[in-house]
Each structure stands twice: as C-alpha cells, then as structure tokens.
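Please walk me through this structure.

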Amino acid sequence: QVQLVESGGGLVQPGGSLRLSCAASGNMFGISAMAWYRQAPGKQRELVAAITSGGRIDYADSVKGRFTISRDNAKTTMYLQMNSLKPEDTAVYYCNGQAATIPTINYWGQGTQVTVSS
C-alpha cells in the first residue's frame, strides 16, 4: 500500500504563486510514475503534470511554462511549483502514484484546494 498526502493549497491572487507538496509513504518500490491531477467544479479530473521514475516529465498544455513538477532525491516527496496562476487554475489538486502492475494500480491523495481569485 502507498499513502499520499498533499499540502500547500490555498487562496492566491491572479499572477501569484503556490507550491504544492505530496508526501509519499508505504511500499514505493513498484511506483513507476507520479503525477498531479486537478478537478474543477463540474469538470472531469485532468492531468496537470507527471514525472516517471526515470525522470521523464510531461505537462498539460495549459500549464506549460508556468508550472514545474519535481521530486526529492529519495523520491518520497513530489512538488508542484505553480507560478503566474490564473482563475482557471482553481481546482482541487490531487497527487497520484501509479504502480507498474497488471492491471495498473493508482493511488490517490485526498486533494488540496487551490483557489485563484482577487
């Protein structure tokens, strides 16, 4: 089992910055990738950014150039640095860990609210 706990959400003005953290614990041996997803009211959950165990990084087009995903050397904490925030970035942000199993197992955190508003 893997446990994921997000922190760092809050209220920020447009143009501001926030850094989200995801603390991972448990059996991380089989985790092949970690990612940040978000879900705005009335919308489907969408991928924001992902990082594989090999270090490959992908971003949604909507956040490229503004958000940066990273993790610590021990691979137990993942971060999402969010700059130049826009009202449309308002959502609940979820940490995801994906195990390289058949079938694939996804682990989720409880989510952290990010609100961008003046």
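A disulfide is counted here when two cysteine sulfur atoms lie within 2.5 Å. The model is predicted, so local features are taken only at pLDDT of at least 70 and side-chain atom pairs only at pLDDT 80 or more, while totals for chains, interfaces and linings use all residues. Residues are numbered from 1 along each chain as its sequence is written, and side-chain values use heavy atoms, with hydrogens and water left out.

The count under the disulfide rule is 1. The bond connects Cys22 and Cys95, with an S to S distance of 1.9 Å. The angle about the S-S bond is -70 degrees, which makes the link of Cys22 and Cys95 left-handed. Strands here are DSSP runs of E with at least two residues, and helices are runs of H or I with at least four, numbered from the N terminus. Both Cys22 and Cys95 are buried, where buried means under 20% relative accessible area, exposed means over 50%, and partly exposed lies in between (1.4 Å probe, protein chains only).

Strands of a sheet pair through backbone hydrogen bonds, either parallel or antiparallel. Two strands are said to pair if DSSP finds at least two bridges between them.

β1 and β3 run antiparallel and are joined by 6 bridges; Ser7 has Ser21 in β3 as its bridge partner. β3 and β8 are likewise antiparallel, with 6 bridges, and Ala23 is partnered by Thr77 in β8. Between β7 and strand β8 (residues 77-82) there are 5 bridges, again in the antiparallel sense. Here Ile69 is opposite Leu80, and Arg71 is opposite Met78. β7 and β8 make a hairpin with 5 residues between them, and Lys75 in the turn has a positive phi of about 60 degrees.

The next topic is charged side chains. Side chains of opposite charge can pair when their charged atoms come close. A salt bridge is counted when a side-chain nitrogen of Lys or Arg is within 4 Å of a carboxyl oxygen of Asp or Glu. The whole structure has 5 salt bridges. One of them joins Asp89 to Arg38, with the closest N and O atoms 2.9 Å apart. Asp89 is in the loop between β8 and β9 and Arg38 is in strand β4 (residues 31-39), 51 residues apart. Both Asp89 and Arg38 are buried.

Arg66 forms a salt bridge with Asp89 as well, the closest N and O atoms being 2.8 Å apart. Arg66 lies in the loop between β6 (57-59) and β7, 23 residues from Asp89. Arg66 is buried because its relative accessible area is 11%, and the value for Asp89 is 1%. Salt bridges with shared partners join Arg38, Glu46, Arg66 and Asp89 into one network.

Another salt bridge pairs Asp58 with Arg56, at 3.1 Å from N to O. Asp58 is partly exposed at 34% relative accessibility, and Arg56 is exposed at 56%.
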